Amino acid sequence: AVKSLLRQAGALKRMEPESDENPVLCRALRDFNTPKITTMDMPIFLRLIKDLFPGCWPAPFSDPDFEKVCIGTAKRRGLQADPQFIIKTVGMIGILGVRHCMFIIGPTGCGKTEVWKTLLEARKDVGEDGQWEQANPKAVTSDELYGTMSKTKEWKDGLIAVIFRNMSKEMNGYKSTHIHKWVILDGDIDATWIESMNTVMDDNKVLTLVSNERIPFSPTMRMILEIQDMKHASPATVSRGGVLFINEADIGWKPYMESWREQLDQVPQSAFYLMFANYFEANIESIRKSFAFSCPIYDMGFVNSLTCFIDAMLQNNTKENMEAMRTMGADDQKLVYDALFAFAMMWTIGGSVADDKTVNHRKAFNCFMKGLSKSVRFPDQGDCYDFRFEPRLKEWVCWDQYVSEYNPVADRMFQNIVISNMELERMKYILELHTSRRKPVLYVGVAGTGKTTIVKDYLASLTATNDDFVSQAINNNNYTSSFALQGIIMGTLDKRSGRTYGPPGNKKCVFFIDDLNMPYVDTYDTQSAIMLLTQMISYAQVYDRAALEEKK
């Protein structure tokens, strides 16, 4: 920490050789440490700096030209040039200037990935070429990560060893013109694999393998660890890297919502802006205090789900509803959008509300929702969950009307008989909306509540009525590792071209992963099978466990 501070102060002193040392040191202490301070601690930290340097408060150095480049890059990538986002992006280049390893820490959905991607694109815009390679250290075993020696003394390369060697020796796609070569390790930290990185992260800058090979870390290489927390990191690890901390509220969900709104027409753009402000933003604090949820969900998760529901109902609705929405007037459209937002909010937030034994949170949420929806009021009879909005009728329709009659089939096994009811139909409708937008759904509930039956019934009807879809069910158990799960998933897919894989015959494949919570939880609270799924959802790639080549 002292060394990096002195390097930062030295760089500032060279910028202003005539300036006094107090403002230089104050600036270095303040500006280099603010990116890693949490929102709650920021005022305390700034007061400490003011006490150390009384009467000395120099303005932070800024690079307006590069900030403009970052703003242009963010807009070109379809993002919002939010001031906090640009501050974090520009702050990251400052950290990379004095550290060759850094941690980007923050909760899911706070914008960690977009910060480094925008920064690399911005550096390319100013003429500094670069390339990145991503890996999830917990989606593979420790031997597969660094390499292992077999009993016959044959050496098998590991994932990190391959990436480092390619970058260091500038081969397999890396060139001498690449000024920025970044290794992105997006996954949980644990003492098993991070301690082996200590020689890379300190001033030795060398990766030492079991085979006695030493791979030097070239001056153009940087290692970036994208993590949620440092719960299992030792002080030795923490002190070796720079830290960029992104709080949940720093960038927040509004830039995401604005980027989503820009894709809509003029009328829904203004309508949904008001609804997010009046319905979601105004009530989210009281919702969190009043209701308990079945699993922890950040605000960003709620917004992501809300936009998914609205997109599906606007663009993947029935032909009659789509036609009705297209031909109705602006006032009627706003009324429909209001009701669709209420439906999306009801299932986004209300769908994850827990049904506690002592307090019936669902009943309380039902009363809250009925009081919130003003334009098209919910019917007085029944819960809000019992209704679905039909734009062509401009009213709420009870799920009773969507229940199909039971037709007995003589030669069907008893356990395969599924009788349609309200709960089944509405759950299948939610699955249908998410499938149409290619978004994953998580069903949470105790054993015996019918989760598997609902999903299998929906997938059976989907593949029977739509030739474009195939489905694959995967059952997890305590022995399901990332290796086993990857084998099942890749066994369903065919090789298309090069390293690209996909379902047979240009179809779309829906995976149903049963018992997601069952894989073994290791000492560091991680499940390798879930880490593999995280990598596939985030980056759409896995590594060939035999040859460690990228698969997409």
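Predicted model: local features only at pLDDT ≥ 70, side-chain atom pairs only at ≥ 80, totals over all residues.
Residues are numbered from 1 along each chain as its sequence is written, and side-chain values use heavy atoms, with hydrogens and water left out.

I then turned to H19 (residues 361-372), taking helices as DSSP runs of H or I with at least four residues and strands as runs of E with at least two, numbered from the N terminus. I found His 361, Phe 365, Asn 366, Met 369, Lys 370 and Leu 372 buried, which means under 20% relative accessible area, with exposed over 50% and partly exposed in between (1.4 Å probe, protein chains only). The buried residues of H19 pack against helix H14 (266-281), helix H15 (284-290) and H18, whereas the face turned away from the buried side carries the exposed residues Lys 363 and Cys 367.

Last, I checked the sheet, where 5 strands form an open arrangement in the order E2-E5-E8-E1-E9 with parallel pairing; two strands pair if DSSP finds at least two bridges between them. Its edge strands are E2 (130-135) and E9 (242-245), each pairing on one side only. I found 6 bridges joining E5 (residues 180-186) to E8 (residues 221-227), and the bridge partner of Ile 184 in E8 is Ile 224.

Technical notes: Expected span 1.5 Å × (residues − 1). Contact = heavy atoms within 4.5 Å.
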